[in-house]
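Trainee: Could we go through this model together, with the cut-offs spelled out as we go?
Mentor: Gladly; have a look at it first, and then ask.

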Amino acid sequence: MVVLFVLGLAVLSIVNILSTRDNLLTEKKLKTRHLVEVAHGVLQHYNHQHRTGRLSLTEAQETAKRTLEAMRYQDAEYFWINDFSLPVPRMVMHPTLPALNGQVLDAVEFNCATSLQVGSDGAVTQTDGRKNLFVAFNEVARTGGHGYVTYDWPKPLAGKGATAMLYPKLSYVKHFAPWDWVIGSGIYIDDVSRLALEQTWWNLAMVAGIGGVLVLLAALIATSITRPLGRSAHALEAMTQGSQPLAPLPVEHDDEVGTLIGGFNRLQSALLAKEEGLRLSASVFDNAREGIVITDPKGRIINVNPSFTTLTGYTAAEVIGKNPSLLKSGHQGDEFYAQMWQALVTEGYWQGEISNRRKSGEVYIEMLTITGVRNATGHVSHYVGIFSDVTALKEQQQRLERMAHFDALTQLPNRSLLADRLQLALMQASRNEDLLAVAFLDLDEFKPVNDRLGHEAGDKLLMEVAQRLKRCVRAGDTVARLGGDEFVMLLVGLENIQEAQHAFDRVLIALAEPYLLKGEPVSISASIGVTLYPLDGADPEVLLRHADQAMYTAKQEGRNRYHLFDLEHDRRARAHREWLLDIRKALAANEFMLFYQPKVNLRRGEVIGAEALIRWQHPERGLLLPDAFLPVIEGSELDITLGDWVIETALTQMDTWQAAGLHLPVSVNAAAIQLQEGCFVEKLAAALQRHPTLPPFSLEIEILETAALEDIERISHVIEECGRLGVAFALDDFGTGYSSLTYFKRLPARVLKIDKSFVCDMLEEADDLAIVEGVIGFTQAFQREALAEGVETPEHGAMLLHLGCELAQGYGIARPMPAASMPGWIAAFRPDPLWGGDSAEIGRTNYPLLHAEADHRRWVERLEASVSGSDSIHRKPPPLNPHHCAFGRWMDGPGRDIYGDLPEFGKIDQLHRRVHQLGKDIVEEHKATDGNRNAPLIGELHTLRDALVADLRALRESVTRMQ
């Protein structure tokens with residue numbers, strides 16, 4: 001019995017050791033495979049960088065190599081890479097034998113492969129031991145994509161290089177098809193066998209000890225051994241129940257009983273050593289940085305490692321016995337999981353990205369590998385899942401992709417993504433047989449806003465424009481930014497051209513709404529060029545170019561509009577050439593003439609000169625204004641020819657007037673191309689010599705501010721040369737060119753003509769009034785003269801005098817007239833009474849009074865607009881609270897502080913309150929009766945407005961007298 005017991009114990013020990021060896025080997029194979037999968041994922045990442053154009057192929061491969069060389073685990077495991085893209089394989093990377101890097105792998109010492117296994121569960125094929133190792137790697141990787149190879153290989157020693165002896169080794173290899181690389185990592189089989197052998201020797205020793213103890217026990221069975229054995233049994237029972245810690249049993253005598261107890265103590269030590277070995281083996285499971293979960297065949301969790309808890313937040317106690325589906329985030333549907341389990345059943349493993357949810361509710365992305373573990377009968381006994389959190393990597397990848405496809409400022413698609421979407425939109429339009437609108441949009445006057453308010457305000461403006469454009473289009477449409485202030489829109493699924501036109505009308509209205517930048521409202525517009533596919537059947541690049549061309553046409557036609565690309569562009573070009581020919585013929589036939597618009601000094605009531613304005617007496621279309629034909633010749637040689645004709649004709653007319661006793665200076669308009677002509681000064685000098693009785697200063701040349709800025713160096717030189725001849729210059733339409741002080745200082749023009757667009761509206765628009773005031777102050781600071789265009793009423797003239805501008809012209813003074821009418825008009829001219837007296841001077845400190853009048857007029861105008869017309873219900877009335885309008889804020893603030901003690905101010909305050917009360921009545925009446933009874937109330941409103949304006953002027957008179 002003793003012998004049988006000892007033999008049985010030995011057999012059980014050996015079986016246990018062999019099982020431990022198999023489990024350790026399986027565990028190491030799984031870990032090696034997972035390491036290679038991680039490395040394979042690294043190659044996939046950098047290959048994606050190459051395919052998306054972020055890295056070249058060489059950069060991607062070198063970066064991948066450096067990354068993998070640094071990925072060492074416990075200074076033992078490492079990766080190696082072979083390149084099979086060449087006829088003879090080469091070593092790409094071998095961290096421990098760097099001498100092999102780049103070497104051809106056909107040396108005799110590499111003929112050491114002993115077995116091959118394709119895939120994880122394929123049959124093992126034995127070789128004669130002389131098969132080339134790297135050929136074996138390639139066969140396994142190419143046949144099944146991955147697998148195992150065993151071979152004999154030197155073993156590296158820490159800090160001592162490699163041994164001369166060869167040891168059996170097992171490597172897991174996987175094929176990376178895009179680069180035709182094979183990547184692998186391996187383990188030395190003898191390490192596992194050595195551990196198992198050590199355990200075997202320990203067990204044999206324990207069996208021998210036990211056998212000896214039993215023999216002695218049999219020999220001494222009759223001696224007094226019951227008592228020490230009883231005490232030992234009692235101690236063992238206590239240790240078994242946990243009431244006493246594990247410890248060697250006491251040996252009372254050096255006899256057979258003592259020997260038995262000592263043998264047991266040694267057995268206990270051996271078992272503890274075995275436990276330590278198993279604990280060491282389990283450390284791979286416990287200390288792995290990747291989460292590991294083990295389930296039974298039905299998917300119930302039977303164990304997880306600590307990293308599982310770290311990554312998911314669930315403890316082992318919370319998940320054991322449950323299904324991993326408790327981690328589901330809901331981002332993948334049932335079909336996804338069905339395909340996963342189908343792969344596990346058919347292929348034995350599944351790998352991919354999956355979205356799961358932590359215990360905290362946070363969703364994360366993990367790279368998961370699930371492998372089925374089969375028992376000796378070939379049935380799945382467990383499933384092992386190994387996963388790592390790749391959320392940060394995916395987020396970084398998404399950020400990089402967004403940077404590559406979206407504009408950083410506006411978050412709109414950029415040029416690259418636009419090209420993709422345009423290609424898809426063309427395919428969709430062809431398939432659905434509908435229209436695709438390709439629109440090129442450019443903001444009007446964006447650069448002046450950007451220069452004046454700064455780049456930060458410009459960026460804010462672009463972002464707001466992007467948001468408005470997105471609100472104007474549908475979900476399937478695209479708005480992209482090409483750069484600067486250029487945008488492209490793709491409107492898909494249009495049924496007809498009218499639908500596209502309505503869409504772009506909405507865009508123009510939306511963009512024209514004021515923007516609040518740095519506390520001030522800014523208005524801009526846009527010019528849009530549109531082409532329609534398939535009416536325009538060009539390719540994507542040409543479609544964009546056509547839309548761009550149409551956009552420039554929209555700008556030339558006046559901006560703040562859209563223009564449809566005309567496929568008959570050549571026909572229109574021919575029409576343009578015909579226009580040029582007609583103008584040449586008209587010049588030869590003396591069909592052009594000059595009209596003259598007087599310029600006056602408002603304060604003195606004198607005519608100080610006239611501006612010569614060209615007209616075309618067309619034989620069929622009648623009298624044409626300059627806007628009808630000058631744009632046709634702009635920038636051409638004919639522009640110079642016609643400009644020379646104007647100068648000569650004006651000088652001749654001044655000669656005629658002078659002979660009749662009228663000495664009247666005349667200003668003529670010159671184009672930039674005319675001044676840039678190399679011989680302009682010489683031709684002007686020759687023209688003056690042909691009229692020797694005229695003083696040169698009687699001729700003034702006007703040039704647009706915007707034209708002067710085109711070539712400021714040349715224009716400045718021309719102005720200086722003409723000044724030596726006695727001819728002065730004026731900058732026309734000043735305020736529209738947004739010239740800086742530096743530019744202005746370099747333009748020696750004597751007169752600045754304030755653009756009529758500001759002057760016409762300055763009585764109603766406080767902003768325009770402020771601009772006019774600023775330009776006048778500007779000219780005074782630089783000791784220049786200001787002349788205001790667009791004086792439409794006597795009140796315009798009076799306001800200009802208040803602001804310190806005495807020179808003016810406009811329809812409120814006289815319209816342009818033929819030369820023959822000028823003498824009679826000059827003789828009959830009388831200045832308006834509003835322009836005389838001391839009231840014209842109120843002092844700069846009282847200019848806010850002028851702004852207040854403009855604000856009040858503007859409020860009345862907005863109120864009328866909100867209750868008049870068929871669409872008045874869509875117009876919002878101005879603030880009806882007397883403290884909230886612009887005039888009221890002035891009254892409550894600076895007005896009351898400066899003028900509150902004057903009796904006129906009290907009258908203005910009462911009138912202002914009555915105006916607002918009446919405004920409320922008008923709005924309520926409009927809501928109740930659709931405006932049918934508003935006429936009498938509007939008349940009363942006008943009466944109160946005029947009374948308040950009169951009191952404001954009385955306040956200005958009072959202030960002037962006090963000064």
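This is a predicted model: local features need pLDDT of at least 70, side-chain atom pairs count only at pLDDT 80 or more; totals for chains, interfaces and linings use all residues.

**Strands, loops and cavities**

Mentor: Let me start with a turn: four residues lie between strand 20 and strand 21 in their hairpin, and Gly-605 there has a positive phi near 70°.

Trainee: How many helices and strands does the protein chain have?
Mentor: The protein chain has 31 helices and 29 strands. Of its 963 residues, 46% are buried, where buried means under 20% relative accessible area, exposed means over 50% and partly exposed lies in between, using a 1.4 Å probe and protein chains only.

Trainee: What else does strand 20 pair with?
Mentor: Strand 20 runs antiparallel to strand 29 (residues 817-818), with two bridges, where Tyr-596 has Met-817 as its bridge partner. Strand 28 (residues 807-808) is also joined to strand 20 by two bridges in an antiparallel arrangement, and there Asn-601 faces Leu-807.

Trainee: Is strand 20 mostly buried or exposed, then?
Mentor: Because nine of its 10 residues are buried, strand 20 is largely enclosed by the rest of the structure.

Trainee: OK, new topic. Where is Lys-753, and is it buried or exposed?
Mentor: Lys-753 belongs to strand 26 (residues 751-754), and with a relative accessibility of 1% Lys-753 counts as buried.

Trainee: Which side chain does Lys-753 make a polar contact with?
Mentor: The side chain of Lys-753 has a polar contact of 2.9 Å with that of Gln-809. A polar contact is a pair of N or O atoms within 3.5 Å; within protein, one must be able to donate a hydrogen and the other to accept it, and residues adjacent in sequence count only if both atoms are side-chain atoms.

Trainee: What else is Lys-753 in contact with?
Mentor: Taking contact as heavy atoms within 4.5 Å, and leaving aside neighbours within four places in sequence, the residues in contact with Lys-753 include Glu-611, Glu-702, Asp-732, Asp-733 and Glu-789. For the protein chain as a whole, 61% of contacts between residues at least 6 apart in sequence join residues at least 24 apart.

Trainee: How many cavities are there?
Mentor: There are five cavities of 30 Å³ or more. A cavity is a set of points on a 1 Å grid over the protein atoms alone where a 1.4 Å probe fits but cannot get out, and lining residues have an atom within 4 Å of a point; grid points are joined across faces, edges and corners, and a volume is the space filled by probe spheres set on the points.

Trainee: What lines the largest cavity?
Mentor: The largest cavity holds about 70 Å³ of space, and its lining residues include Tyr-78, Trp-80, Leu-133, Tyr-151 and Lys-169. Helix 3 gives the largest share of that lining, three residues. The lining has eight nonpolar residues, one polar and one charged, where Ala, Val, Leu, Ile, Met, Phe, Trp, Tyr, Cys and Pro are nonpolar, Asp, Glu, Lys and Arg are charged, and the others, Gly among them, are polar.

Trainee: Last one: which peptide bond is cis, and where is Pro-534?
Mentor: The peptide bond from Tyr-533 to Pro-534 is cis, with omega near 10°, and Pro-534 lies in the loop between strand 18 (525-533) and helix 15 (540-556). Another backbone detail is Asn-590, a residue other than glycine with a positive phi, near 55°, which sits in the loop between helix 16 (569-588) and strand 20 (592-601) and is exposed at a relative accessible area of 64%.

Definitions and conventions. Residues are numbered from 1 along each chain as its sequence is written. Side-chain values use heavy atoms; hydrogens and water are left out. On a 1 Å grid over the protein atoms alone, a cavity is a set of points where a 1.4 Å probe fits but cannot get out, and a pocket is an open set with protein on both sides within 12 Å along at least five of seven lines; lining residues have an atom within 4 Å of a point. Two strands pair if DSSP finds at least two bridges between them.
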